[in-house]
Amino acid sequence: MKQRSHASLLAWGTLILVAGVLLPLAVRQYQLAILTEIIIFALFAVSYNLLLGYAGLLSFGHAMFFGTGAYTVAIVINHIPSLSFFGAVILSLSVTTITGLVVGSFLLRHKGTPFALLTLAFNALFYAIATKWHSITGGDDGLSIFRPDINIGFAQLSTSSIPAFYYITFIIIGLVMLFSWYFTRTAMGQTVLLMRENEERMKFLGYNTNVSRLILFVFTGFLAGLAGIFYALFFQFTSITAISIDMSTIVLLMVIIGGTGSFVGPIIGACVYIYLQDFLSDITDRWPFIMGLIFIFMILYVPKGLSGLIYSLIERLRGRRHLSRKVEIAE
Amino acid sequence: MQEPNDILQVRNVYKDFSGLKVLTGVDFKVKENEKHAVIGPNGAGKTTLFNIISGKYKPSSGSIIFKGEDISGRSPHVLTRMKVSRSFQITNVFQELNVLENVRAGVRCDHGLRYHFLKTPGSIAEVNKKTEEILTLVGLAEVKQTLARELSYGQQRALEIAVTLSTEPELILLDEPTAGMTREETGEAIKMIDKVTASKTLIIIEHDMDVVFSLADTVSVLHNGSILISGSPEQIRNDQRVKDAYLGEEGD
Ligand SMILES: Nc1ncnc2c1ncn2[C@@H]1O[C@H](COP(=O)(O)OP(=O)(O)OP(=O)(O)O)[C@@H](O)[C@H]1O
Ligand SMILES: [Mg+2]
């Protein structure tokens with residue numbers, strides 16, 4: 001059983017790797033750009049689900065990290081001319097992480113509705129700062145940036161073409177996503193799950209649950225920040241959308257569509273959301289209306305999301321009893 | 001006041017819940033390695049006393065001295081790390097996890113596996129060994145892959161004790177560990193408790209008088225928010241006030 005799941009994991013990994021590497025040869029540039037956007041949003045959604053699905057914390061402010069990443073990378077690239085690609089990414093990640101620590105220290109004692117409302121309030125604050133601090137953020141006009149090249153000692157790698165940026169995104173975000181998956185099996189990842197299951201008992205087992213919540217919050221902020229950084233680099237532009245409450249709602253919808261009960265759910269959700277948006281906005285101006293209807297339908301009739309639907313279909317095909325554990329807990 | 005071998009002193013502890021006076025000056029001492037039973041009628045405040053010793057609630061006034069140190073009002077996780085551990089009257093484990101994971105959660109905490117981002121919970125041999133030991137001690141080794149919620153009631157209670165032991169405590173507080181068990185189950189459970197708490201200090205809340213008198217070195221009677229009397233099982237059995245206040249009620 002154990003070995004078979006390892007083998008199938010390896011098979012899936014290889015398949016994704018091969019597909020990811022060969023895809024640029026097979027699809028048009030436009031498709032590749034969409035795919036890049038999906039990868040970026042998939043990370044954003046995965047980070048959100050570590051809060052919602054794994055820790056049971058509903059946040060309405062995840063865009064504050066996404067936006068902080070997007071703005072910081074634009075600001076540092078525009079203000080520090082010789083900054084390298086990775087220099088900009090690392091600097092922006094540091095800023096996002098510190099932001100996570102500061103905001104998280106106000107939130108660590110809270111759960112449930114107070115937590116949700118506080119994240120909403122913080123997001124509103126971040127949004128206000130981004131609109132009003134015109135000299136730094138460009139206000140409503142946003143900030144344009146050029147992607148720096150990647151310098152690897154002996155060679156200069158251009159990041160300007162769509163396939164080049166696709167590969168960079170695929171590799172870096174792919175690795176980070178892989179780590180996020182591994183994280184759910186680590187001691188810290190399991191601590192988060194155990195806290196959702198029974199926080200009181202965790203305290204009586206010696207865990208400082210406030211510290212655990214802070215660590216998780218900073219980590220998910222870090223991941224969302226990385227997604228935001230790539231979002232800005234991808235569009236070569238940061239706008240107020242990146243840090244808006246709309247953006248927090250979008251990631252929430254992606255996760256709900258995909259399902260909170262598994263690691264891959266949010267990835268599926270990001271795919272569906274971005275493709276749907278792309279497809280519908282091509283055929284009608286009223287696309288937000290249609291998407292709204294689809295979401296209402298999903299939440300009412302597919303509450304476990306697409307991944308939940310897929311899992312229960314697989315279970316049914318195999319003729320097995322559906323496992324009701326919410327999130328798979330591994331050894 | 002403080003004798004060298006007192007591991008715990010409860011000094012003049014008061015507790016009220018927004019006006020409801022539950023504890024009104026509780027005083028008692030527990031010696032190292034003692035088996036100390038706390039008895040008292042329903043609603044006497046026994047669980048509240050445990051909640052205060054284990055850090056769930058702060059006392060309204062008074063103090064708790066553990067190994068000579070005032071620990072009143074400290075958080076549960078701090079007290080757990082100081083090797084105080086308590087069980088719950090109503091089973092309070094991780095229902096969606098299996099038995100092994102339940103126990104390992106407590107064991108790994110003390111082995112650098114609280115917040116580790118790289119190591120998995122099962123990655124330290126010492127942790128796995130301790131977990132297995134505890135499971136064997138409480139008799140759950142056979143069902144270690146079973147989800148907690150799928151256990152029988154007796155097994156759930158055994159798991160409650162296993163989880164309490166998982167932090168390797170020196171002072172163990174058990175809140176009615178045998179509540180709801182049949183006579184035979186109770187007998188088995190008490191044998192097990194006697195075994196697992198050997199060379200440790202135990203405070204146990206228990207309603208079954210046979211159990212109390214066979215297991216405990218010292219018995220304290222909690223009545224109307226304070227300790228009526230503390231003494232050997234013999235003394236308690238023969239005390240008229242106890243008969244009036246408590247043992248009499250048992251009889252009817
Ligand atoms: N958190 C709380 N808030 C308000 N009242 C409480 C609280 N905890 C306990 N009480 C009250 O304190 C009194 C003592 O309760 P406690 O649970 O300590 O009794 P007990 O001796 O453990 O009883 P039992 O034998 O039924 O377990 C009860 O009247 C209870 O309602
Ligand atoms: Mg009680």
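Helices (H or I, at least four residues) and strands (E, at least two) are DSSP runs, numbered from the N terminus. Chain B has nine helices and ten strands. Its radius of gyration, taken over C-alpha atoms, is 18 Å, close to the 18 Å from the globule rule for 252 residues, so chain B is as compact as a globular protein of that length. That rule is 2.2 Å times the number of residues to the power 0.38.

This is a predicted model: local features need pLDDT of at least 70, side-chain atom pairs count only at pLDDT 80 or more, and totals for chains, interfaces and linings use all residues. Residues are numbered from 1 along each chain as its sequence is written, and side-chain values use heavy atoms, without hydrogens and water.

Along the principal axes, the C-alpha atoms of chain B fill a box of roughly 55 × 40 × 35 Å. Of the 252 residues in chain B, 56% are buried (under 20% relative accessible area, 1.4 Å probe, protein chains only). Contact means heavy atoms within 4.5 Å. Among contacts in chain B between residues at least 6 apart in sequence, 65% join residues at least 24 apart.

Now turn to the partner chain. The contact draws 37 residues from chain B and 30 residues from chain A. Together the two chains bury about 3000 Å², with 59% of it on carbon and sulfur atoms. Buried area is the accessible area (1.4 Å probe) that two parts lose on being put together, summed over both. On the chain B side, B:Phe94, B:Tyr115 and B:Phe117 lose the most area to chain A, together 24% of what that side buries.

Key. Chains lettered and ligands numbered in written order. Buried < 20%, exposed > 50% of the residue type's maximum accessible area, 1.4 Å probe, protein only.
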